[in-house]
Amino acid sequence: MSMAKPFRKLVSCVILDLDGTLLNTDGIVSDVLSVFLVKYGKQWNGKATQKIVGRTPYEAAAVIVEDYGLPISTDELLSEITPIFSEKWCNIKAQPGASRLINHLRFHGVPMALASNSSKENIETKISYHQGWKESFSYIIGGDQVTSPKPSPEIYLEAAKGLKVDPSSCLVIEDSLPGVTAGKAAGMEVVAVPSLPKQTHLFTSADEVINSLLDLQPEKWGLPAFKDWIEGTLPIEPWYIGGPVIKGFGRGSKVLGIPTANLSTEDYSAILSEHPSGVYFGWAGLATRGVYKMVMSIGWNPYFNNTEKTIEPWLLHDFNEDFYGEDLRLAIVGYIRPEANFPSLESLVAKIHEDGQIAEKALELPQYSKYRDDPYLKSSPQQQSS
Ligand SMILES: [Mg+2]
């Protein structure tokens with residue numbers, strides 16, 4: 001997944017975009033618009049998402065007015081939806097790895113700026129809900145403080161000025177095309193972390209495209225490396241998901257020889273959308289059998305539309321029988337790698353087995369083994385819902 005150009009410039013500062021890069025804003029946009037458009041007899045279909053990501057609030061509103069044929073002006077739309085968005089800002093979650101990155105750079109004294117097409121006031125409000133963020137940035141600049149927002153380089157050039165550094169010593173981290181274009185036009189190195197799925201191929205101008213902030217390797221740019229990887233794994237804040245085991249697509253056991261215990265994603269699209277696709281591991285509790293080691297992939301299901309992610313856990317244990325319908329509880333405690341394409345089925349199977357071995361070994365480490373006794377893995381569905 002990581003595509004990097006061979007020659008990189010070393011940098012000393014980092015300039016970060018906010019929406020979609022540090023904050024999981026896309027979910028809020030869909031939430032607000034799907035409720036709001038009903039008022040005008042329209043249905044949000046997510047199709048405009050690609051056009052509005054990375055744009056200023058005004059530009060995004062103009063796209064919505066036009067694409068949905070709303071009988072109001074862009075200004076009227078903005079004044080109607082701005083208060084609705086403001087109410088939701090306290091609920092916007094940090095992207096996985098965002099706080100880890102900010103804390104890491106701050107710990108190592110790497111100067112950081114925040115450059116967003118949002119207004120300065122809105123930026124300050126949004127980051128106020130995330131502990132330690134505001135004070136980590138030496139400089140913050142909003143789209144209302146420049147003549148031309150992204151994709152113009154102006155905002156990034158101003159951010160470099162604010163940091164009192166040359167643009168060429170800055171690394172930009174961006175989720176959108178306008179943002180990547182702006183960073184490159186400013187003469188900076190740019191890592192793209194596309195917030196919309198299946199967009200990697202569009203980011204050819206970026207110096208590197210990564211799947212999520214969890215995959216960022218600052219040392220590639222001359223910045224201090226993360227030291228929190230352990231034996232090929234990255235500890236993450238544990239998260240939980242569970243439900244009855246359903247039949248998958250038969251790929252796991254029939255094609256790969258790896259029987260996965262699939263969960264229905266119907267009720268879990270919200271939680272899955274918060275987590276980058278990739279290979280994770282943790283513990284799996286089966287109501288009547290016990291707790292087992294588990295490795296799993298989160299990915300985009302080609303059978304559904306773009307917004308549907310699936311989760312495919314592989315319990316690292318030989319079972320004598322199927323257990324469809326049984327209640328499965330997962331505690332996901334670590335990350336291994338992004339999803340990848342493989343040249344052959346054999347190499348895919350080999351990689352999955354390697355993932356399994358990494359998980360098997362890592363789960364013996366105290367920082368992961370302690371979750372084996374997590375009450376969630378052993379509670380019955382009734383207990384959970386009460
Ligand atoms: Mg963005």
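Tutor: Let's start with a contact: seven residues of domain 1 touch eleven residues of domain 3. Keep in mind that this is a predicted model.

Student: What makes those residues "in contact"?

Tutor: Two residues count as in contact if their C-beta atoms, placed from the backbone, lie within 7 Å. Seven residues of domain 1 and eleven of domain 3 meet that. On the domain 1 side, three are nonpolar, two polar and two charged.

Student: Where do the domains run, and how far apart are the centres of domain 1 and domain 3?

Tutor: The assignment gives domain 1 as 3–21 + 94–221, domain 2 as 26–91 and domain 3 as 234–385. Over C-alpha atoms, the centres of domain 1 and domain 3 are 32 Å apart.

Student: Which residues of helix 1 are called buried, and why?

Tutor: Asp 26, Val 29 and Leu 33, in helix 1 (residues 26–36). The label takes 20 or more other C-beta atoms within 10 Å of a residue's own, so each of these three reaches that count. Across the chain, 39% of the 386 residues count as buried.

Student: How do you know on which side of helix 1 they sit?

Tutor: They cover an arc of only 55° around the axis, which puts them on the same side of helix 1. In general, an α-helix has 3.6 residues a turn, so residues three or four places apart point the same way. The cover over the buried residues of helix 1 includes helix 2 (49–52) and helix 3 (57–67).

Student: What is the strand order of the six-stranded sheet, and why do strands 9 and 12 count as edges?

Tutor: The order is 9-8-13-10-11-12, in an open sheet with antiparallel pairing. Strand 9 (262–263) and strand 12 (309–315) each have a single partner strand, so one side of each has no neighbour in the sheet.

Student: What makes strands 10 and 11 a pair?

Tutor: Pairing takes at least two bridges. Strand 10 (residues 278–286) and strand 11 (residues 290–300) are joined by nine and run antiparallel, so they qualify as a pair. Val 279, for one, stands opposite Ser 297 in strand 11.

Note on methods: Residues numbered from 1 in each chain as written. Predicted model: local features only at pLDDT ≥ 70, side-chain atom pairs only at ≥ 80, totals over all residues. Domains from an automatic or database assignment. Nonpolar A, V, L, I, M, F, W, Y, C, P; charged D, E, K, R; others polar. Buried ≥ 20, exposed ≤ 12 C-beta atoms within 10 Å, placed from the backbone. Helix = DSSP H or I, 4+ residues; strand = E, 2+ residues; numbered from the N terminus. Arc of directions from axis to C-beta.
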